Amino acid sequence: MVHVRTSELRRFLERSQHLVPEGREHQYLDWDQDLTELFRERP
């Protein structure tokens, strides 16, 4: 279970939406590259 205050979550989401407008997530995220980095073998 995770406890989060609603007001704090709402504020976080509002700030996030200002940085990455709704519907434009694809312009800011590169899922293929991010997954490649995540699963890359590290020495």
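## Salt bridge

A salt bridge is a side-chain nitrogen of Lys or Arg within 4 Å of a carboxyl oxygen of Asp or Glu. In this predicted model, Arg 40 forms one with Glu 37. The closest N and O atoms of Arg 40 and Glu 37 are 2.2 Å apart. That distance lies within the 4 Å cut-off. By this rule the count comes to one salt bridge. Side chains of opposite charge can pair when their charged atoms come close.

How exposed are the two partners? Arg 40 has 43% relative accessibility, so it counts as partly exposed. Glu 37 has a relative accessible area of 28% and is therefore partly exposed too. Glu 37 sits in helix H3. Twelve residues of sequence separate Glu 37 from Glu 25, and their C-alpha atoms are 19 Å apart.

## Confidence

The mean pLDDT of the protein is 89. A value of 70 or more is reached by 100% of the residues. Among the elements, helix H1 (residues 6–19) has the highest mean pLDDT, 92. Helix H2 (residues 25–28) has the lowest, 88.

## Fold and extent

The protein has three helices and zero strands. Read from the N terminus, the order of elements is α-α-α. The C-alpha trace spans about 40 × 30 × 15 Å along its principal axes.

Phe 12 belongs to helix H1, and Trp 31 to helix H3. Phe 12 and Trp 31 are 19 residues apart in sequence, and 22 Å separates their C-alpha atoms. Asp 32 is also in helix H3. From Asp 32 to Arg 5 the C-alpha separation is 33 Å, across 27 residues of chain.

## Solvent exposure

What share of the 43 residues counts as buried? The figure is 0%. Buried would require under 20% relative accessible area. The protein exposes about 4800 Å², and carbon and sulfur atoms supply 55% of that area.

Phe 12 in helix H1 has 45% relative accessibility, so it counts as partly exposed. In helix H3, Asp 32 counts as exposed because its relative accessibility is 63%. Trp 31 reaches 59%, so it too counts as exposed.

## Nonpolar patch

Which residues make the nonpolar surface patch? They are Tyr 28, Leu 29, Trp 31, Leu 35, Leu 38 and Phe 39. The patch has an area of about 730 Å². Helix H3 (residues 31–39) gives the largest share of the patch, with four residues. Trp 31 is one of the patch members and lies in helix H3.

## Charges

The protein carries 7 positive and 9 negative charges.

Notes. Residues are numbered from 1 along each chain as its sequence is written. This is a predicted model: local features need pLDDT of at least 70, side-chain atom pairs count only at pLDDT 80 or more; totals for chains, interfaces and linings use all residues. Side-chain values use heavy atoms; hydrogens and water are left out. Patches are made of residues with over 30% relative accessible area and no salt bridge: like charges are joined within 9 Å, nonpolar side chains (Val, Leu, Ile, Met, Phe, Trp, Tyr) within 5 Å. Accessible areas come from the Shrake-Rupley method with a 1.4 Å probe; for residues, only the protein chains shown count as cover. Helices (H or I, at least four residues) and strands (E, at least two) are DSSP runs, numbered from the N terminus. Buried means under 20% relative accessible area, exposed over 50%, partly exposed in between (1.4 Å probe, protein chains only). pLDDT is the predictor's confidence in each residue, from 0 to 100. Lys and Arg count as positive and Asp and Glu as negative; His and the chain ends are not counted. The place of a charge is taken as NZ of Lys, CZ of Arg, CG of Asp or CD of Glu.
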